[in-house]
Structures are given as C-alpha cells and as structure tokens.
Amino acid sequence: MHRIYEWFRTHRFVVDLTVACLLWLGLAFFPSTEMGVTVVFATLLIAPLAWRRTRPVLAGSIIAATAILQWAFAVTPMPADLAVILVVYALAAFGPRWASLSGLGLALIGGILLVTRYYLYLGLDESTFSVASLPYAVILVMLVWFLVLFSWTFGDLTRTRRLREQALEDRAQRLEIEQQQERALAANDERAHIAREMHDIVAHSLSVIITQADGGRYAAEQDPKIATSTLQTIADTGRNSLREMRRLLGVLRGDEEASTRPLPGLADLDELLLGFRSAGLTTEFVTEGQPRRQLPAGAELTAYRVIQEALTNVLKHAGPKAHSRVSLLWQSRGLQIVVLDDGRGAAADPPSGGGGNGLRGMSERVRLYDGTLDAKPQTGGGFQVDAFIPYTEA
C-alpha cells in the first residue's frame, strides 16, 4: 500500500489526467438540445482538471473563465459544472492562499448566477417569477454554497495536513543533515586525535633511533659493546613504536581487540623514562603531593604525551650530557607538570625547544582538557615546559 500511495503522490499529473479523461467520458456527452456546444463547454470545464494539482491557478482560471462564458451565452447548466467544485478544492489544497480565497469568492457568486440561469432555463422569467418561488431559489443557492464551502473546507484541511507533513519532512531532512555534519565533525576530531598520536609516536621513536644510531656509530670505534647496547635500544624503541602504530591502525579498522587496549597513562611513566635513560638521557623523576581524585583516562594520556614530547625535544635539541627533570605536582585543582633541562636546546633553536609542531600539539592536547601550557627558555640555559591539567572532564 505504501508503494501505491507513493506512486500516486509522485505521479500527480498522470493521475489527474486519467481522472479528467474519465470525467470527460462520463459528463461531456450528457443529452442536450445543443449537443455540440455542450461538448465544447464540458471539455473546457473538465480538461483543466488534469493540472488541478500541478498548476492549480491556471486550471482554476480556465474553469472560471469558461463558467462565466457559459453564463454569458446562456448555455444550459450541465453536469460538467461539477468541475467548479473540484477546482475549488484544488485551489484550497494546492494553490496559494490568495488563489484559494479568490476561488471561493467566485464560486459563491457563481452559485447565485447558476441558480438564476437554472430558473431561466425552466422558463421562469420575469413574467412568471413570483415571490412564492423565491424560497426555492434561496434553497438552491444555499445548497450550491454548501457544496462550495464543503469542498473549500476539505481542501483547506488537506492543505494544512500537507504543509504539516512537509514541515516534518523538512525537519527530518535538517536533522539528517545535522547528524551528517556531527559525524563529519566527529570524524575530523578523531583524525586530528590520531594525527597527534601518530606524531607523538613517530617523533619520539625516530628521535630516539636517530640519536642512538648517531651515538652508536661514533662509539663503535672505541667500544663495540656500546654499539651492541645501542642497537638493542633502537630495536626496543622500534618494536614499541610499531606496537603503538598497530594499535592506532586497529582503531581505524574498527578492530575491537586493538581499540580496547589500554592507552598509556601516568602508570606507564616509569617505562617511558626507562626508554629515555637507555637512550642516554639522564632523567630525574619527582612526584609531590597526592591526587585528590583520579584524572580521566584522556587527561592521563595527555599528561603522558606532554612528558614524552618534552623529553623527546630534550633528546633532540639539548645536546650531549644534558640532564632533565620531570616533576608531577598534585594540587587541589589538578596536576602540574614541569619538565626542565639544562642543555643548549633553547640557545640552539629557541622556538623548537618544544618543537614547533610538537609544541602546538602539546598545547592542543592540554587545551582540550581546559588546561594551560607554557614553554620557554631558562635564563641560565636549558628549557622548561610547564603544563597544568585540571580534574574536570573534557
């Protein structure tokens, strides 16, 4: 049934043309003394009904003009005059408001003209017309007006229902568009998040690998054992990075096993610092205070990545024999992270002490959790990264 209704709704002209043809076959050949004139006027009254829904104003104008000509030329009233009632409904249901009201007014006036013409057709001219026949004329006018008003009211209700359905369809379409936009924004946010993760993983691992490879190449000439341990550090770093890359790719593929693995957090800092120490960076780790409550998982990941990025930049820019210090200061409002080094990174490349892109990535991560980040060179040398992450959710 739904398909049939949908076909009728989308093929309005075909349906209306079929109905108009059936009405013409049933009403145009009504027996009359003026058969040719009757067929012509019946055709002019019924044919425009084929456009009663697609072009209601045009159809109504043609039918109204035909009805006026029928009255002016004293053409006998005929069954095809029912087209006036049908076009009044069409104007009320599918035409603009001004056309609907104009059609109603013309139809009410036409009812009076039809009754007068009906009386003349019966031979009740001025010589035979009397006051006694007046109530019958009034009854006929009221009957015609009742049909006109009923048709217009039914059409207006149809118009109201159609507009309401159209409003609901428009609303559903807007909601669908909004959902698509929300999905697109969510996808963009996820891509940005994965891009930050990829940057942190690749930048950290490649920095360690390059540093170790350069150091091992020079140290191998003096002590081959150092080269062996350096290669072991490179291999461990590569394996860890590959594991993290696989986890991110698993998230992209929708792999449940990969997507449900725990993300690194503050509990994994010892392993992270161990990797930097094995890469030759002397790192001190200090924790002060007690957390008032646990940070969200995403905030812990942000803290982990900030420390990782800051130490990676120290490894890249601070130079040999640099020392670093990582401090976690638990406060009443959240976690303060301070990463200090005494190297030459600030003097050698001031903007990149935190790395241009890396610094922006850290700042974006921290702002996502309503935090703040400040990275600046120190007066006596070295560089400091200071970040604060509150307890609140993102």
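In the predicted model, V338 counts as buried, because its relative accessibility of 12% falls under the 20% limit. The residue belongs to strand β3, which spans residues 334-341. When residues up to four places away in sequence are set aside, V338 touches R325, V326, S327 and L329, and also Q384, V385 and D386. For one of these, S327, the C-alpha atom is separated from that of V338 by 5.1 Å, although the two residues are eleven residues apart along the chain.

Strand β3 is part of an open sheet of five strands, in which the order is β1-β2-β3-β5-β4 and the pairing is mixed. The edges are formed by β1 and by β4 (372-377), each of which pairs on one side only. On average, and with direction ignored, neighbouring strands of this sheet are turned by 10° against each other.

The side chain of T283 is joined to that of S324 by a polar contact of 3.1 Å. Beyond its neighbours within four places in sequence, T283 is in contact with L273, F276 and R277, as well as with L311, S324 and V326. V326 is also among the residues touched by V338.

Elsewhere in the model, helix α3 (residues 35-46) packs with helix α4 (residues 56-72) at an angle of about 155°, the two axes lying 8 Å apart. As angles over 145 degrees count as roughly antiparallel, α3 and α4 are therefore assigned to that class. The contact brings F41, L44 and L45 of α3 against I62, I63, T66, A67, L69 and Q70 of α4. By residue type, this contact of α3 with α4 divides into seven nonpolar and two polar residues, with no charged residue taking part.

Terms used
Residues numbered from 1 in each chain as written. Predicted model: local features only at pLDDT ≥ 70, side-chain atom pairs only at ≥ 80, totals over all residues. Heavy atoms only, no water. Polar contact = N/O pair within 3.5 Å; in protein donor to acceptor, adjacent residues only side chain to side chain. Contact = heavy atoms within 4.5 Å. Axes fitted to C-alpha atoms, helices over the stretch in contact; angles between N-to-C directions. Helix = DSSP H or I, 4+ residues; strand = E, 2+ residues; numbered from the N terminus. Parallel < 35°, antiparallel > 145°, perpendicular 65-115°, else oblique. Nonpolar A, V, L, I, M, F, W, Y, C, P; charged D, E, K, R; others polar. Pairing = 2+ DSSP bridges. Buried < 20%, exposed > 50% of the residue type's maximum accessible area, 1.4 Å probe, protein only.
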